[in-house]
Amino acid sequence: MAKAAASPAFLVLAVLLCAVARAADDGAGMTKFKVYFHDVVGGPKPTAIRVVQAASTNGSSTFFGAVVAIDDPLTTDAASSSSEVGRAQGSYTFADQKTFGLLMNMNFVFTAGDHKGSSLSIVGRNEVLSAVREMSIVGGSGKFRMARGYVEARTVDSGSNSGETIVEYTVFVKA
């Protein structure tokens, strides 16, 4: 049995529907805000702890194979003493043998402020030596249920002197 060819009207309708769907996702309705991530790897109260590593990790210039569990404060400003609005909870894996490339897998859990009781799930590559890194928002809860979007990460302080790395996260989210 021969298949009928699609009519020109059907093809025009399909193209128009695709154009409308694309226009509907133009960034309108995005919420934008900033939080500051404080990653403390040493001292009496670390917020990031290496939980596993490969036998070869200590010999790697990029710590390849190390996995770090995090429960890092999220604040309203870069100062450690600024108001805490949540926690970055999850892990990062040193996943690149040539540069400091992390696989980030974390939730921003909001405990105060405008987003209290909500969370965002963030996954992606974080090449920490780059000026700006982009990671995906793949979901959320509360006011961010079914969220999508991205974050941009910018290092404010590498922590080389203090042991506390501070990263500005600009969040672009649509729920």
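Me: Why does F94 count as buried in this predicted model?
Reply: F94 has 13% relative accessibility. Buried means under 20%. The value falls under that cut-off, so F94 counts as buried.

Me: Why does F63 count as partly exposed?
Reply: F63 has 33% relative accessibility. Partly exposed lies between the buried limit of 20% and the exposed limit of 50%. The value falls in between, so F63 counts as partly exposed.

Me: What makes F33 and F110 an edge-to-face pair?
Reply: The structure holds nine aromatic pairs. In the pair F33 and F110, the ring centres are 5.8 Å apart. The pairing limit is 6.5 Å. Their planes stand at 70°, and planes over 60 degrees apart count as edge-to-face.

Me: Why does the pair of F33 and F110 tie together parts that are apart in sequence?
Reply: F33 lies in strand β1, residues 31-40. F110 lies in strand β5, residues 101-110. The parts are 77 residues apart in sequence, so the pair ties them together. Both F33 and F110 are buried.

Me: Why is the pair of F63 and F94 edge-to-face?
Reply: The centres of the two rings, F63 and F94, are 5.7 Å apart, and the limit for a pair is 6.5 Å. The planes are at 70°, against a cut-off of over 60 degrees. So this pair, too, is edge-to-face.

Me: Where do F63 and F94 lie?
Reply: F63 lies in the loop between β2 (48-52) and β3 (67-75). F94 lies in strand β4, residues 84-94. The pair therefore ties together parts that are 31 residues apart in sequence. F63 and F94 also belong to one aromatic cluster, with Y92 and F100.

Me: How many helices and strands are there in the chain?
Reply: There are one helix and nine strands. Read along the sequence, the pattern is α-β-β-β-β-β-β-β-β-β.

Me: Which residues of the largest nonpolar core touch the most other members?
Reply: They are F37, M106, F108, L120 and Y169, out of 29 residues in the core. The elements that give two or more residues to this core are β1, β3, β4, β5, β6 (119-127), β7 (133-141), β8 (148-157) and β9 (164-174). β5 gives the most, with five residues.

Me: What does F37 touch, leaving out residues up to four places away in sequence?
Reply: F37 touches I70, D72, P73, L74, A88, M104, M106, T165, I166, V167 and Y169.

Me: What share of the chain counts as buried?
Reply: Of the 175 residues, 35% count as buried. The accessible surface of the chain comes to about 10,100 Å². Carbon and sulfur atoms account for 58% of that surface.

Me: Which residues lie nearest the centre of the largest pocket?
Reply: D39, Y92, F94, V128 and T165 do, among 25 lining residues. The elements that give two or more residues to the lining are β1, β2, β4, β5 and β9. The pocket has a volume of about 560 Å³.

Me: Why does I49 count as partly exposed?
Reply: I49, in strand β2, has 47% relative accessibility. Exposed means over 50%, and buried means under 20%. The value lies in between, so I49 counts as partly exposed.

Me: What is I49 in contact with, leaving aside its neighbours within four places in sequence?
Reply: I49 is in contact with V67, V68 and A69. The C-alpha atoms of I49 and V67 are separated by 8.5 Å. Along the chain these two residues are 18 residues apart.

Conventions:
Residues numbered from 1 in each chain as written. Predicted model: local features only at pLDDT ≥ 70, side-chain atom pairs only at ≥ 80, totals over all residues. Heavy atoms only, no water. Phe/Tyr/Trp six-rings, centres within 6.5 Å; stacked < 30°, edge-to-face > 60°. Helix = DSSP H or I, 4+ residues; strand = E, 2+ residues; numbered from the N terminus. Buried < 20%, exposed > 50% of the residue type's maximum accessible area, 1.4 Å probe, protein only. Areas by Shrake-Rupley, 256 points an atom, 1.4 Å probe, with all protein chains shown as cover. Core = buried A, V, L, I, M, F, W, Y, C linked by side-chain atoms within 4.5 Å. Contact = heavy atoms within 4.5 Å. 1 Å grid on protein atoms, 1.4 Å probe; cavity = no way out; pocket = protein on both sides within 12 Å on 5 of 7 lines; lining within 4 Å. Points joined across faces, edges and corners; volume = space filled by probe spheres on them.
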